[in-house]
Amino acid sequence: MARSDGCDYFKRTSLFWMVTVTLAVGYFTCIVFAPEKIPFEYLGSYGTFCIYLVDNHADLMYKGWWAAFAIHVFEALIAMNVCSKKGIDNMAVRCLWFVQTLLFGFASLGLLLKYNPERPKQQ
């Protein structure tokens, strides 16, 4: 069996984080850009809280959305830098890390930061 030198290391983030981040970011996006599409009346006290935020703090929510987007882009750029430092030279794999970190943030970046290319994997 061929052994990898670590230049093509990629680990997909867990399904839990994929679903959680996708739903949270999707809901936040809907609240900021299309609040009329969300049936707040079915969400109980959480819906009431969200209506309050939309009605009274829309500008802050808008800025918060852009801040979250900027943070994800920054994390993705850090992932590219970490790939270089950890010897992951395969450009396709680096792009996978970039896209995954852009979409799922620290849930992905944490996996990359935990990767230790010096330690051999247990078989």
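**Entry 1: the pocket**

I looked up the second largest pocket and found its lining: Val-21, Thr-22, Val-25, Phe-28, Thr-29, Trp-65, Ala-68, Phe-69, His-72, Leu-102, Leu-103 and Phe-104. Helix 1 (15-33), helix 3 (58-85) and helix 4 (91-104) each give two or more residues to this lining. Helix 1 gives the largest share, five residues. Helices here are DSSP runs of H or I, at least four residues, numbered from the N terminus.

This is a predicted model: local features need pLDDT of at least 70, side-chain atom pairs count only at pLDDT 80 or more, and totals for chains, interfaces and linings use all residues. Residues are numbered from 1 along each chain as its sequence is written, and side-chain values use heavy atoms, without hydrogens and water.

I noted the pocket rule: on a 1 Å grid over the protein atoms alone, a pocket is an open set of points where a 1.4 Å probe fits, with protein on both sides within 12 Å along at least five of seven lines; lining residues have an atom within 4 Å of a point. The space in the second largest pocket is about 250 Å³.

**Entry 2: the cysteines**

How many disulfides are there? I got zero, with a disulfide taken as two cysteine sulfur atoms within 2.5 Å. Cys-95 is in no disulfide either; the nearest cysteine sulfur, that of Cys-83, is 9.4 Å away.

I then checked accessibility. Cys-30, at 34% relative accessibility, counts as partly exposed, between buried (under 20%) and exposed (over 50%), with a 1.4 Å probe and protein chains only. Cys-95 is also partly exposed, at 37%.

Notes. Grid points are joined across faces, edges and corners, and a volume is the space filled by probe spheres set on the points.
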